[in-house]
Amino acid sequence: MSQPEVSIPGSPVVPNMVDGDHVIQFSCHKGISCWNACCSNIDISLTPYDIIRMKKRLGISSTEFLKEYTVPHEMEKDGIAGVKFRPVDNGTACRFMKPEGCGVYEDRPTACRYYPIALLSMRKQDEYTDTESYALVKEDHCKGHEVNRRLTIADYRKEQGVEEYDELARGWRQLILKKKSAGPAVGAPSLKSRQLFFMACYDVDTFHDFVDSEAFGKLFKLSADEKAMLMADDVELMQFAFRFLKQVLFGENTIALDEAAAKARVDKWRARQMEIEREAAERLANAEEGMYENTDECIEDEGSCSRD
Ligand code: SF4
Ligand code: SF4
């Protein structure tokens, strides 16, 4: 349903939330006066599927891609790890921008496909299904809004090949929304859980080795067929990563555990906790002992103690 457009001073985002039937006026084409202006000053967040497409395109591992072409960032102060494109050295332009246009056009990320539309995902606290709305981004430099071509957002998404990207990012967006909905009550995630989230979501090749490891195989029961499929297909592995994170971060069990191995891990964890507590108690007792010893010295020193 269309709504009249209202603008926020200083912001390129038109604040009206609209659905896929909303009609926009827009066209981007070679020869337009602003050609490449949008790619000259980038702030592009990447989804896990974007990374898989890009690393395949470049013929490198996800680990190499992350190191060479991205910077990590924290999404909306929720302690959720995110990844953005790293621009050119000492500049703001995209490293894939060429005079003739995008150098990775067929595999360009979701955000590039959506522009000038912003996707807004929302989720109610007790629901796992997210609802999607859109907002229009109107920046002064973008002359595409002045071209007389009208189409719905749904048609624009189809034209830009966004549907596949959105479908394959759904599990990742659900994880983010779930974390956001949990809010501060759950507290900031530990460094270990943030590292796990980063590895499972963005570094598919490291996650591949993790799933292939003996330790993982001992704890999680995967059939030979499922394991072979995951080892052979990055996209399947990525979707498995979302399930894995839902299980380890939010306790939604969908991957069978080896009961004995799981119990052994819990026992080991409990033993380690007891060890930590015992060490802390020992340290405290030693510190108190030391304090009394010093006090004795002070008393023996009769008045020369600096703590008087
Ligand atoms: S990936 Fe392509 S479309 Fe996206 S910012 Fe870079 S050059 Fe532009
Ligand atoms: S019309 Fe907009 S999206 Fe297209 S090149 Fe110009 S600034 Fe970029």
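Trainee: Which residues are buried in helix 6?

Mentor: L196, F197, M199, A200, C201 and Y202 are the buried residues of helix 6. Please bear in mind that this is a predicted model. Burial is judged by counting neighbours: a residue is buried if 20 or more other C-beta atoms lie within 10 Å of its own, and exposed if 12 or fewer do.

Trainee: What should I note about the protein chain as a whole?

Mentor: One begins with the elements and then turns to burial and contacts. The protein chain contains eleven helices and eight strands. It has 308 residues, of which 21% count as buried. When contacts between residues at least 6 apart in sequence are considered, 67% join residues at least 24 apart.

Trainee: At what angle do helix 7 and helix 10 pack?

Mentor: A packing of helices is described by an angle and by the distance between axes. Helix 7, residues 204-212, packs against helix 10, residues 234-250, at an angle of about 75°, and their axes are 10 Å apart. Helix 7 is therefore roughly perpendicular to helix 10, because angles of 65 to 115 degrees count as roughly perpendicular.

Trainee: Which residues of helix 7 and helix 10 meet?

Mentor: From helix 7 come V204, F207 and H208; from helix 10 come D234, L237, M238 and A241. By class, this contact of helix 7 with helix 10 is made up of five nonpolar residues, one polar and one charged.

Trainee: Is F242 buried or exposed?

Mentor: F242 belongs to helix 10. It counts as buried because it has 20 C-beta neighbours inside 10 Å. Setting aside residues up to four places away in sequence, F242 touches G171, W172 and L175. W172 is 70 residues from F242 along the chain, while their C-alpha atoms are separated by 6.2 Å.

Trainee: Is A260 buried or exposed?

Mentor: A260 lies in helix 11, residues 259-301. A260 is exposed because 10 other C-beta atoms are within 10 Å. A260 also shows how sequence separation and spatial separation are read together: L219 is 41 residues away in sequence, and the two C-alpha atoms are 8.5 Å apart.

Trainee: Which residues surround ligand 2?

Mentor: A ligand shell is read as a list and then by class. Around ligand 2 are C28, I32, C34, W35, N36, A37, C38, Y115, H141, C142, K143 and G144. This shell divides into eight nonpolar residues, three polar and one charged.

Trainee: Which residues are around ligand 1?

Mentor: The shell of ligand 1 consists of C39, I42, I44, C94, F96, M97, C102, V104, R108 and C112. Nine of these are nonpolar, none is polar and one is charged.

Trainee: What is the phi of N36?

Mentor: Backbone angles deserve a separate look. N36, one of the residues surrounding ligand 2, has a positive phi of about 75° although it is not a glycine. N36 sits in the loop between strand 1 (23-25) and helix 1 (48-58). It is partly exposed because it has 16 other C-beta atoms within 10 Å. N90 is not a glycine either, and its phi is positive at about 55°. N90 is in the loop between strand 3 (80-85) and strand 4 (97-98), and it is exposed, with 5 other C-beta atoms within 10 Å.

Trainee: Which residues is T92 in contact with?

Mentor: T92 lies in the loop between strand 3 and strand 4. Beyond its neighbours within four places in sequence, T92 contacts S40, N41, I42 and P87.

Trainee: Which residues does a cis peptide bond join?

Mentor: The omega angle is the value to inspect. The cis peptide bond joins Y115 and P116, with omega about 15°. P116 is placed in the loop between helix 3 (110-114) and strand 6 (117-122), and Y115 is among the residues surrounding ligand 2.

Notes: Residues are numbered from 1 along each chain as its sequence is written. Chains are lettered from A and ligands numbered from 1 in the order in which they are written. This is a predicted model: local features need pLDDT of at least 70, side-chain atom pairs count only at pLDDT 80 or more; totals for chains, interfaces and linings use all residues. A residue is near a molecule or strand if its C-beta atom, placed from the backbone, lies within 6 Å of it. Ala, Val, Leu, Ile, Met, Phe, Trp, Tyr, Cys and Pro count as nonpolar, Asp, Glu, Lys and Arg as charged, and the others, Gly among them, as polar. Helices (H or I, at least four residues) and strands (E, at least two) are DSSP runs, numbered from the N terminus. Axes are lines fitted to C-alpha atoms, for helices over the stretch in contact, and angles run from 0 to 180 degrees between N-to-C directions. Angles under 35 degrees count as roughly parallel, over 145 as roughly antiparallel, 65 to 115 as roughly perpendicular and the rest as oblique. Two residues are in contact if their C-beta atoms, placed from the backbone, lie within 7 Å.
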